[in-house]
Amino acid sequence: MKLKPIRPKRISDQVFEQIRELIYKGEFKPGQQILPERELAVSMAVSRTSVRNAINKLVTMGLLEHRQGQGTFVSSPDSRKGNPLAAVMNTEEATLDDLLEVRMGLEANAAVLAAQRATENDILSMERSLEEMIDDLEATDKINTESDAAFHMAVAFATKNPVLIHLMRNFYDFLFIGIKKNLTHMYQDSNSLHDALSHHKEVFAAIRDREPEKAGRAMQEHIRYVQKYFRSR
């Protein structure tokens with residue numbers, strides 16, 4: 001057995017992880033321009049080289065994209081290449097129902113764990129996404145995909161379970177595309193959007209109030225509602 005010396009995590013890797021989490025949590029939304037390298041370096045108290053290396057890694061992953069003469073933007077999951085889950089869904093080898101079955105297992109359990117382990121910052125992240133959904137529905141009669149996906153990712157991060165978080169990170173594009181398809185269909189029926197928003201409020205309240213079983217049931221009821229909605233059509 002050949003053991004290697006333990007090296008501290010590189011600064012650029014820490015910058016990469018922080019920006020990546022902000023994208024997954026919806027702090028940086030698809031289509032949004034991120035701060036220039038110089039400003040990010042100042043804000044994070046690191047060198048511009050570390051920021052540049054982190055951004056290049058995120059561009060390679062497809063999470064960010066450079067636009068000539070404009071800057072660096074968060075890419076939309078719709079336009080990302082190379083995500084096998086998204087590709088399967090786009091070619092219709094997988095259905096919305098298939099996706100919802102997977103979400104049922106992952107997210108109902110995530111809601112239970114989140115109710116037990118969420119920090120104040122986790123609660124604030126969920127609340128912020130929920131408020132954006134409420135504002136969107138009041139102003140446009142629609143719910144923004146980015147805010148909806150950010151809410152579900154915030155629940156996942158609140159579990160503090162590294163395996164579940166890893167799965168949800170890799171599942172993100174599929175989650176985003178599935179939610180977008182769900183909401184697009186529901187735009188034809190405003191009642192369904194109000195129902196979906198109520199479900200999110202119930203999930204949030206149960207997590208905030210530290211009621212694990214209630215949180216798990218609320219997430220299950222939300223996903224079952226969406227399943228029934230599409231199966232009836």
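## Surface and overall size

How much accessible surface does the protein chain have, and what share of it belongs to carbon and sulfur atoms? The total comes to about 12,500 Å², and carbon and sulfur atoms account for 50% of that. Keep in mind as you look around that this is a predicted model.

As for dimensions, picture a box of roughly 55 × 40 × 40 Å along the principal axes: that's what the C-alpha atoms fill. Of the chain's 233 residues, 45% count as buried.

## How the chain is built

Count up the pieces and you get 10 helices plus two strands. Follow the chain along its sequence and the order goes α-α-α-β-β-α-α-α-α-α-α-α. The radius of gyration is 19 Å, close to the 17 Å that the globule rule gives for 233 residues, so the chain is as compact as a globular protein of that length.

Here's something about how the chain meets itself. Take the contacts between residues at least 6 apart in sequence: 72% of them join residues at least 24 apart.

## The nonpolar core

The largest nonpolar core is made of 66 residues. Met 126, Phe 151, Val 155, Met 168 and Ile 207 have the most contacts inside this core. Helix H8, which spans residues 162–186, is the biggest giver here, with 11 residues in the core.

Let's zoom in on Met 168. Setting aside neighbours within four places in sequence, Met 168 is in contact with Leu 106, Glu 107, Met 153, Ala 156 and Leu 175.

Is Leu 40 buried or exposed? Leu 40 has a relative accessible area of 4%, which is under the 20% cut-off, so Leu 40 counts as buried. You'll find Leu 40 in helix H2, residues 37–44. Not counting residues up to four places away in sequence, Leu 40 touches Ile 19, Ile 34, Leu 35, Val 51 and Ile 55. One of these, Val 51, sits 11 residues from Leu 40 in sequence, with 7.1 Å between their C-alpha atoms.

Now over to helix H6 (residues 120–140), where Ser 125 is found. Ser 125 is buried too, because its relative accessible area is 12%. Which residues does Ser 125 contact, leaving aside neighbours within four places in sequence? The answer is Glu 27 and Ala 154.

## Where the charges sit

Last up, the charges. The protein chain carries 32 positive and 33 negative charges, and the mean positions of the two groups are 8 Å apart.

Definitions and conventions:
Residues are numbered from 1 along each chain as its sequence is written. This is a predicted model: local features need pLDDT of at least 70, side-chain atom pairs count only at pLDDT 80 or more; totals for chains, interfaces and linings use all residues. Side-chain values use heavy atoms; hydrogens and water are left out. A nonpolar core is a set of buried Ala, Val, Leu, Ile, Met, Phe, Trp, Tyr and Cys residues joined through side-chain atoms within 4.5 Å. Buried means under 20% relative accessible area, exposed over 50%, partly exposed in between (1.4 Å probe, protein chains only). Helices (H or I, at least four residues) and strands (E, at least two) are DSSP runs, numbered from the N terminus. Contact means heavy atoms within 4.5 Å. The radius of gyration is taken over C-alpha atoms; the globule rule is 2.2 Å times the number of residues to the power 0.38. Accessible areas come from the Shrake-Rupley method with a 1.4 Å probe; for residues, only the protein chains shown count as cover. Lys and Arg count as positive and Asp and Glu as negative; His and the chain ends are not counted. The place of a charge is taken as NZ of Lys, CZ of Arg, CG of Asp or CD of Glu.
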